Amino acid sequence: MMAFIFQLKAAPMSSGLNVLLFLICIFSTHSLISSHQLHPLDALSTSELTQVHTILKSTICSTSCHNLSYHYVGLAEPDKPIVLAWIDDNAKVPRRQAFVLARINQQNHEIIVDLTASAIISNKVHDGHGYPLLTLDEQTAANKLPFSYSPFIKSIEKRGLKKEEVVCQSYTIGWFGDKKTKRIIRVTCYYLDGTINLYMRPIEGITVTVDLDQMKITGYQDRAIVPVPKADGTDYREVKQKQPVSSPIKPITMLQPHGPSFTIDGHIVRWADWKFHLAFDMRVGPIISLASVRDHDKDAYRDVLYRGFVSELFVPYMDITEEWYYRTYFDAGEFGFGLCATSLFPSKDCPENAAFLDGYYISQNGTPTKIHNVICVFERYGGDVLWRHTETAIPGKVYTEVRPDVSLVVRMVSIIGNYDYIVDWEFRQAGSIKVNIGLSGLLEIKASTYIHKDQIRDEVYGTLVSQNTVGTYHDHFLNFHLDLDVDGYDNSFIKTKLQTRRVMDKKSPRRSYWTAVSETAKTESDARINLGSGAAELLVVNPNKKTKMGNYVGYRLLPGSFVHNLLSNDDYPSIRAGFAKYNVWVTPYNKSEKWAGGTFVDQSQGDDNLAVWSLRNREIENKDIVLWYTLGLHHVPIQEDFPIMPTVNNGFELRPANFFEHNPVLKVKSLGKVEQLKCSKECQHGFNCTN
């Protein structure tokens with residue numbers, strides 16, 4: 001079970017008010033968190049993770065089990081009808097089951113463990129392509145190997161580097177047409193010596209290949225000596241910054257003297273008109289489930305999102321040279337988006353009014369491990385406007401109504417090597433869910449002999465951002481699994497195009513206008529969309545329910561900025577990342593189809609992913625469907641990205657479209673007193689008005 005910790009800190013003020021706020025905080029903390037009954041979608045507790053290991057050791061591994069290692073253990077999600085029946089009838093919690101990906105005797109196993117019965121339900125040996133995600137323990141072990149390998153030590157000495165200042169990192173190798181593969185990785189090393197920003201100081205030209213099953217170096221190449229970029233100016237720590245520094249900004253704080261407006265009951269979060277389930281998973285990070293919004297006209301909660309999470313991240317680099325061509329990472333399936341999550345710092349990663357959630361995963365040897373403060377939940381108000389209008393058309397009168405835009409944010413930060421991914425699920429009062437991905441951290445640098453752009457004559461596959469320092473071109477594609485159940489689970493997907501119409505008669509002096517033309521997708525092939533190709537409005541609707549005006553109730557996908565995969569379709573990384581071919585996919589609900597890159601992603605060959613599933617071209621009209629959205633960024637590094645990148649944001653929004661009968665936030669109250677405008681005699685047109 002995950003533990004919730006609520007922290008609320010006030011800005012400096014008088015001692016009397018401090019005491020008052022301290023008492024308020026204690027009361028608010030007590031009311032925020034309450035005990036709860038077990039939920040079918042709760043993440044596995046520490047005792048359940050321990051139970052998984054105990055059951056495997058006493059059954060599968062009782063006699064002939066060697067080298068057992070856990071690579072993923074998570075909730076085996078109950079069938080959707082069972083979960084929905086439990087919600088409607090408050091019946092007995094479905095049987096608790098765990099889904100396990102393990103390596104046993106150097107074979108890949110898919111295991112389902114019934115925790116209620118303490119028994120193995122199924123144990124399937126995966127004899128197809130690919131391997132499970134890397135564990136932290138084996139990466140740590142692999143990173144140490146070069147330091148006892150004499151050819152590597154000689155290479156370091158040959159470069160005049162200090163062995164004690166060298167650090168190494170493990171990288172997956174992708175797949176490039178080999179029929180048979182071994183579970184191997186590449187280890188790349190970096191140089192500190194005056195900085196903690198190791199990624200700015202790569203030791204170029206050395207390739208170390210490690211067999212993870214044997215845990216030994218099986219290949220080594222020292223191809224070229226390239227100058228290691230200098231350490232000066234690379235350290236990003238505050239204490240290392242020299243004068244002059246940036247102009248200071250006075251402290252800003254979020255103060256809620258009456259406490260927060262949200263509550264957390266176990267894993268159920270309630271705020272304003274929203275209610276949803278929140279869980280942590282070692283592969284995908286935060287999972288939002290059973291999100292529903294209250295319709296005051298109907299006096300009921302209405303379903304919006306059954307389950308949503310980051311399904312996969314594809315990060316291909318564009319350098320095709322010996323030490324770089326294989327760098328085509330799948331961050332969720334190879335490294336674990338949740339496994340790489342970091343503890344969040346109060347008042348830095350999250351504001352003072354945030355509540356925090358711990359997450360748990362199973363380590364390679366079966367021991368439950370905690371990530372402290374892995375998720376935070378907080379209310380956000382940045383001065384934005386929910387809605388407003390000033391009416392000046394009534395002679396002698398001016399009426400102004402303004403409502404503040406307050407939202408609830410669920411945040412996690414995952415550190416995948418050099419990159420920091422900031423994931424926000426934002427629930428808004430108007431009924432929308434806004435998802436934002438912030439990218440910060442460090443560039444993946446290639447060392448170079450060049451110190452000025454004018455020297456460059458050959459392709460360097462990137463931008464010279466500092467002396468001897470090339471920021472390599474690359475992409476980020478994030479695929480989201482969005483199981484929308486809009487007012488029920490039988491939904492349809494509608495594409496609407498805006499078409500120009502010519503005025504052919506003399507009824508109007510206008511010569512043209514545009515109109516909306518809609519089409520309902522019948523099968524999966526109808527719903528594969530690359531944004532920018534024509535479809536302007538993308539909606540998931542419930543064709544069985546209409547508003548009083550006769551419109552289908554629905555939710556609209558509002559993309560942020562979008563890009564397309566520019567690699568050729570026959571390139572091996574593109575085959576593996578088939579989901580990046582289109583921005584939008586729609587498939588019929590299938591509990592087993594949850595990870596867009598497939599189950600065994602490391603060195604996968606593209607035969608088990610979203611693109612392959614969709615080739616069945618199943619019917620999706622008036623069915624339980626899943627929307628898959630792939631957002632992307634092409635990153636052409638610039639000097640402002642050095643030595644650490646300012647955050648770049650991208651995302652999308654799920655927004656109600658004829659879901660409500662009218663504006664659902666019409667009756668939202670102001671946060672504080674709004675003074676009426678006093679107008680002069682000249683005010684009839686809205687001029688010369690003062691408070």
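Leucine 464 has valine 470, in β26, as its bridge partner. This is a predicted model, where local features need pLDDT of at least 70 and side-chain atom pairs count only at pLDDT 80 or more, while totals for chains, interfaces and linings use all residues. Residues are numbered from 1 along each chain as its sequence is written, and side-chain values use heavy atoms, with hydrogens and water left out.

Back to the strands. In total, 4 bridges join β25 to β26 (residues 469–472), and the two run antiparallel. Strands here are DSSP runs of E with at least two residues, helices are runs of H or I with at least four, and both are numbered from the N terminus. Two strands count as paired if DSSP finds at least two bridges between them. The pair belongs to an open sheet of 3 strands in the order β24-β26-β25, with antiparallel pairing. β24 (445–447) and β25 (462–466) stand at the edges with a single partner strand each, so one side of each has no neighbour in the sheet. From one strand to the next, the twist averages 40° (axes are lines fitted to C-alpha atoms, and angles run from 0 to 180 degrees between N-to-C directions).

Next come the nonpolar cores, meaning sets of buried Ala, Val, Leu, Ile, Met, Phe, Trp, Tyr and Cys residues joined through side-chain atoms within 4.5 Å. Buried means under 20% relative accessible area, exposed means over 50%, and partly exposed is in between (1.4 Å probe, protein chains only). In soluble globular proteins, nonpolar side chains tend to be buried together. The largest core has 141 residues, and Trp425, Phe427, Ile433, Phe480 and Phe493 touch the most other members. Strand β15 (residues 300–316) gives this core its largest share, 7 residues. A second, separate core holds 14 residues, including Phe579, Ala596, Leu610 and Trp628.

Most residues other than glycine have a negative phi, and most peptide bonds are trans. Glutamine 106, though, has a positive phi near 60°; this residue sits in the loop between β4 (97–104) and β5 (107–114) and is partly exposed, at 45% relative accessible area. Asparagine 622 also has a positive phi, about 55°, and is partly exposed at 31%. A cis peptide bond links glutamine 243 to proline 244, with omega about -5°, and another links phenylalanine 642 to proline 643, with omega about 0°. Proline 643 lies in the loop between β33 (625–635) and β34 (645–657).
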